[in-house]
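Reader: Got a model here that I want to talk through. Can you put it up?

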Amino acid sequence: MFKRIDHIAFSVVNLETSINFYEKHIGFQKYYEHDVPVPVIEKIAYLKLGDTVLELIHMPSGVKNTGYHFCLESDNFDADYDRLKKAGIPVQTEPHPAAVREHREEGWRRVVFVGPDGEHIEFRG
């Protein structure tokens, strides 16, 4: 039986811009990068935040990321929101109460920011 999602992957137009964004603003760290022998893809980079892995697929010709998002859990919602807002990262959905799926989520809020390639980055806490 499956036990977890190994990674989330999405395309990026500028790999270095995206790596810098996720390292500087979200706390991910790049741990692996490799070339890809496919005409539309140049490289793939992998970034980690705890057990969470992002796979950034470098496609300079551009592919719009639509129809999905990923969500991170914050241990300090207000500080994370303020930090990203002050950095000028666009907000897709302003903070609002989050649905309580488990007891530990009582009082949580959620917000959605927009990453460098249009990807939606939700966080809750």
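Reader: Which residue in S4 is the bridge partner of Lys-48?

Author: Val-53 in S4. This is a predicted model, where local features need pLDDT of at least 70, side-chain atom pairs count only at pLDDT 80 or more, and totals for chains, interfaces and linings use all residues. Residues are numbered from 1 along each chain as its sequence is written, and side-chain values use heavy atoms, with hydrogens and water left out. Strands (E, at least two residues) and helices (H or I, at least four) are DSSP runs, numbered from the N terminus.

Reader: In what sense do S3 and S4 pair?

Author: Antiparallel, over seven bridges. Strands pair if DSSP finds at least two bridges between them. Two residues lie between the strands of this hairpin, and Gly-50 takes a positive phi near 60°.

Reader: And S1 with S4, parallel or antiparallel?

Author: Parallel, over five bridges. Phe-10 has Leu-56 of S4 as its bridge partner.

Reader: Why is S4 largely enclosed?

Author: Six of its seven residues are buried, so the rest of the structure largely encloses S4. Buried means under 20% relative accessible area, exposed over 50%, partly exposed in between (1.4 Å probe, protein chains only).

Reader: New topic. Which residues touch the most other members of the largest nonpolar core?

Author: Tyr-22 and Phe-123, in a core of 22 residues. A nonpolar core is a set of buried Ala, Val, Leu, Ile, Met, Phe, Trp, Tyr and Cys residues joined through side-chain atoms within 4.5 Å. H1 gives the most to this core, five residues.
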